[in-house]
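Subject: Structure for you to look at

Hi,

Here is the structure I promised. Please open it alongside this email, and my notes follow below.

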Amino acid sequence: MKLTTILFTLKIVTILLCVLMDITAVIGIGYIDAVDEVGEFFVAAYMLFFGTLLLFFELMSFRKIEWIDHWFRRNCGFLYSALGKSLFIIFIAFLCFGLGDPQTLTLSTGLALAAFGSLQVGLYLKYPEVFEDTNQVVR
């Protein structure tokens, strides 16, 4: 399998997982029905924010917009390294576990994100040359 195919597949899976995380956050917000669940609201809000942030970052690899790229480089520079992005995916996976309802969806989303982030860390540690200079626009 070609290198570009592997990187493209990883980007598509990341995009799909970000969409799943955003859907989980929106559904989780819908399950909040009491004032004392304000903590779950903030967990869902962070899930939505971080999922959307990573989604836009991945979409930037298909069509680069200079001012958005500049903003990402200035504020989220860790996303430009394979290890930084993988550890960020694992971090946002743990946010999913903090959202209470719907339990099956939050658990499966969190496990999928944690497994994918761990897979990327493993791939990076085994094949670091594959992830060198992966910030090019995908064509």
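**Around Glu-58**

Leaving aside residues up to four places away in sequence, Glu-58 touches Lys-11, Thr-14, Ile-15 and Lys-85. Keep in mind that this is a predicted model.

Glu-58 lies in helix H2. Is Glu-58 buried or exposed? Its relative accessibility is 0%, so Glu-58 counts as buried; the cut-off for that is under 20%.

**Salt bridges**

The structure holds 3 salt bridges. Two of the partners touching Glu-58 come up here.

Start with Lys-11. Its side chain meets that of Glu-58 in a salt bridge, at 3.3 Å from N to O. Glu-58 sits in helix H2 (residues 38–59) and Lys-11 in helix H1 (residues 3–31), so this pair ties together parts that are 47 residues apart in sequence. Lys-11 is buried, as is Glu-58.

Next, Lys-85. The side chains of Lys-85 and Glu-58 also form a salt bridge, with an N to O distance of 2.6 Å. Lys-85 belongs to helix H4 (residues 82–98) and Glu-58 to helix H2, so the parts tied together here are 27 residues apart in sequence. Both Lys-85 and Glu-58 are buried.

As background, side chains of opposite charge can pair when their charged atoms come close.

Then there is Asp-69 with Arg-73. Their salt bridge has its closest N and O atoms 3.2 Å apart. Where do these two residues lie? They are in helix H3 (residues 66–75), 4 residues apart, so about one helical turn separates Asp-69 and Arg-73. Asp-69 has 8% relative accessibility and therefore counts as buried. Arg-73 has 42%, so Arg-73 counts as partly exposed.

Which residues end up in one network? Salt bridges with shared partners join Lys-11, Glu-58 and Lys-85.

**A nonpolar patch**

Val-19, Ile-23, Ile-27 and Tyr-31 make a nonpolar surface patch of about 330 Å². One of these residues, Ile-23, lies in helix H1. Helix H1 (residues 3–31) also holds Lys-11. At 43% relative accessibility, Ile-23 counts as partly exposed, because that class runs between 20% and 50%.

**Where to look**

Begin at Glu-58, which has salt bridges to Lys-11 and to Lys-85. Then go to Asp-69 and Arg-73 in helix H3. Finish at the patch made by Val-19, Ile-23, Ile-27 and Tyr-31.

Best wishes

Methods
Residues numbered from 1 in each chain as written. Predicted model: local features only at pLDDT ≥ 70, side-chain atom pairs only at ≥ 80, totals over all residues. Heavy atoms only, no water. Salt bridge = Lys/Arg side-chain N within 4 Å of Asp/Glu carboxyl O. Buried < 20%, exposed > 50% of the residue type's maximum accessible area, 1.4 Å probe, protein only. Contact = heavy atoms within 4.5 Å. Patch = residues over 30% accessible without salt bridge, like charges linked within 9 Å, V, L, I, M, F, W, Y side chains within 5 Å. Areas by Shrake-Rupley, 256 points an atom, 1.4 Å probe, with all protein chains shown as cover.
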